[in-house]
Amino acid sequence: MKNKYIIAFFVLGVIVTSIGALFKITHLEIGIFTGNLLITLGVLIKVAAAVLFIIKLFSNNNNDFLNK
């Protein structure tokens, strides 16, 4: 997986978490989508992106990985 996809995955998690926070603040519910659910999904997406990045960081043999 390329770095740009991992970053996009992380940004998606940030967006979902932010929308969940907005839902919590405004007490908005749209069907099954509540603030709690969206915040949980966003955090899980960010954790998955972080795990993918750590795996890629340690499995890459190129010393110039972070400078790309």
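In helix α1, the buried residues are Ile 6, Gly 13, Val 16, Thr 17, Gly 20 and Phe 23. Buried means under 20% relative accessible area; exposed is over 50%, and partly exposed lies in between, with a 1.4 Å probe and protein chains only. Helices are DSSP runs of H or I with at least four residues, numbered from the N terminus.

Before I go on: this is a predicted model, where local features need pLDDT of at least 70, side-chain atom pairs count only at pLDDT 80 or more, and totals for chains, interfaces and linings use all residues. Residues are numbered from 1 along each chain as its sequence is written, and side-chain values use heavy atoms, with hydrogens and water left out.

Back to α1. What do its buried residues pack against? They pack against α2. Contact here means heavy atoms within 4.5 Å. α1 has 24 residues and reaches 35 Å from first C-alpha to last, close to the 34 Å expected at 1.5 Å a residue. The expected span is 1.5 Å times one less than the number of residues.

Next, α2. It has 25 residues and reaches 36 Å between its end C-alpha atoms, close to the expected 36 Å. Gly 35, Leu 38, Gly 42, Ile 45 and Ala 49 are buried in α2. Their cover includes α1. An α-helix has 3.6 residues a turn, so residues three or four places apart point the same way.

Look at Thr 40, in α2. Is Thr 40 buried or partly exposed? Thr 40 counts as partly exposed because its relative accessible area is 46%.

Now the loop between α1 and α2. His 27 is found there. Just after α1, His 27 takes a positive phi of about 55°. Most residues other than glycine have a negative phi. His 27 is exposed, because its relative accessible area is 72%.

Last, the surface. Met 1, Tyr 5, Phe 9, Leu 12 and Leu 52 form a nonpolar patch, with about 480 Å² of accessible area together. Patch members have over 30% relative accessible area and no salt bridge, and nonpolar side chains are joined within 5 Å. A salt bridge is a Lys or Arg side-chain nitrogen within 4 Å of an Asp or Glu carboxyl oxygen. Areas come from the Shrake-Rupley method with a 1.4 Å probe.

Which helix gives the most to the patch? Helix α1, residues 3-26, with three residues. Met 1 lies in the segment before α1. Met 1 counts as exposed because its relative accessibility is 61%.

Definitions and conventions. Patches are made of residues with over 30% relative accessible area and no salt bridge: like charges are joined within 9 Å, nonpolar side chains (Val, Leu, Ile, Met, Phe, Trp, Tyr) within 5 Å. Helices (H or I, at least four residues) and strands (E, at least two) are DSSP runs, numbered from the N terminus.
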